[in-house]
Amino acid sequence: MAESKEAIIQRLCNPGIIAVVRARSKEQVVPLAEALLAGGVVAVEITMTTPHAIEAIREASATFGSRALIGVGTILDQETATQAINAGAQFVVTPITKPEIVNIAHAAGKPVMIGAYSPTEAQTAYEADCDFVKIFPADGLGASYIKAIRAPLPHLRVVPTGGVNLDTMKSFIDAGCVALGVGSSMITKEILENDNWQQLTENAKAYVEKRLELG
């Protein structure tokens with residue numbers, strides 16, 4: 001039986017580390033996801049910038065089943081969202097404020113994360129009934145910005161992407177973020193170039209342990 005949207009949301013927030021995967025090839029995705037799982041990261045966002053991303057999502061979903069939450073990122077239109085969900089994506093992420101993607105995801109019973117940069121975009125995403133607001137790119141804004149916008153908009157469930165690393169995690173959590181999108185600081189360029197999955201497992205474990213330590 002497929003997991004409910006609410007159950008998927010709970011798993012995305014526990015431990016709250018969402019790996020943002022921009023693999024060099026489709027063939028890297030399964031071993032990469034296996035390495036993340038071994039380190040305790042269950043939420044794997046395969047971005048559409050990965051070569052043959054839809055096929056990669058289909059293969060990863062079939063390989064891991066309920067062991068992992070395989071999602072899709074960098075969604076820019078409704079058609080691609082539908083293709084990814086049909087391939088097995090369990091959650092949908094877009095870096096832009098594209099409210100119409102909410103309807104596609106929710107019709108399939110999947111949570112959706114809508115991108116925003118300004119308070120107006122974040123509120124627009126919320127009013128479109130998205131499940132999470134993705135503040136992106138968060139590296140230039142920082143945790144203080146998220147804390148500031150959540151003061152008048154405390155209802156936002158924020159997930160920052162960009163600038164999240166082991167040193168900044170605490171500040172983002174303290175700012176009220178419900179989960180963290182982690183990309184190149186965990187899945188480094190060197191790891192991808194060398195298929196160093198053992199190092200990725202160690203990195204993933206460090207992020208999960210730090211997140212659990214922060215409570």
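Student: Where is Thr74 found?
Tutor: Thr74 is found in the loop between strand S3 (69–73) and H4. Helices (H or I, at least four residues) and strands (E, at least two) are DSSP runs, numbered from the N terminus. Bear in mind that this is a predicted model: local features need pLDDT of at least 70, side-chain atom pairs count only at pLDDT 80 or more, and totals for chains, interfaces and linings use all residues. Residues are numbered from 1 along each chain as its sequence is written, and side-chain values use heavy atoms, leaving out hydrogens and water.

Student: What is the phi of Thr74?
Tutor: Near 60°, a positive value in a residue other than glycine. Most residues other than glycine have a negative phi.

Student: Why does Thr74 count as partly exposed?
Tutor: Because its relative accessibility is 21%. Buried means under 20% relative accessible area, exposed over 50%, and partly exposed in between (1.4 Å probe, protein chains only).

Student: And His52, what about its phi?
Tutor: Phi of His52 is near 55°, again positive in a residue other than glycine. His52 sits in the loop between strand S2 (43–47) and helix H3 (53–64). At 53% relative accessibility, His52 is exposed.

Student: Back towards H4. Is Thr80 buried or exposed?
Tutor: Buried, with a relative accessible area of 14%. Thr80 belongs to helix H4 (residues 78–86).

Student: What does Thr80 touch?
Tutor: Met48, Ile54 and Ile75, leaving aside residues up to four places away in sequence. Contact means heavy atoms within 4.5 Å.

Student: What does Ile135 touch?
Tutor: Its contacts include Ala116, Leu141, Ile146 and Val158, not counting residues up to four places away in sequence.

Student: Last topic, salt bridges. How many does the structure hold?
Tutor: Seven. A salt bridge is a side-chain nitrogen of Lys or Arg within 4 Å of a carboxyl oxygen of Asp or Glu.

Student: What is the Arg67 partner?
Tutor: Glu34, the closest N and O atoms being 2.8 Å apart. The pair links distant parts of the chain, 33 residues apart: Arg67 in the loop between H3 and S3, Glu34 in helix H2. Arg67 is partly exposed at 46%, and Glu34 is partly exposed at 35%.

Student: Which residues join into a network?
Tutor: Lys26, Glu27 and Glu59, through salt bridges that share partners. In the Glu27 to Lys26 bridge, the closest N and O atoms are 3.7 Å apart.
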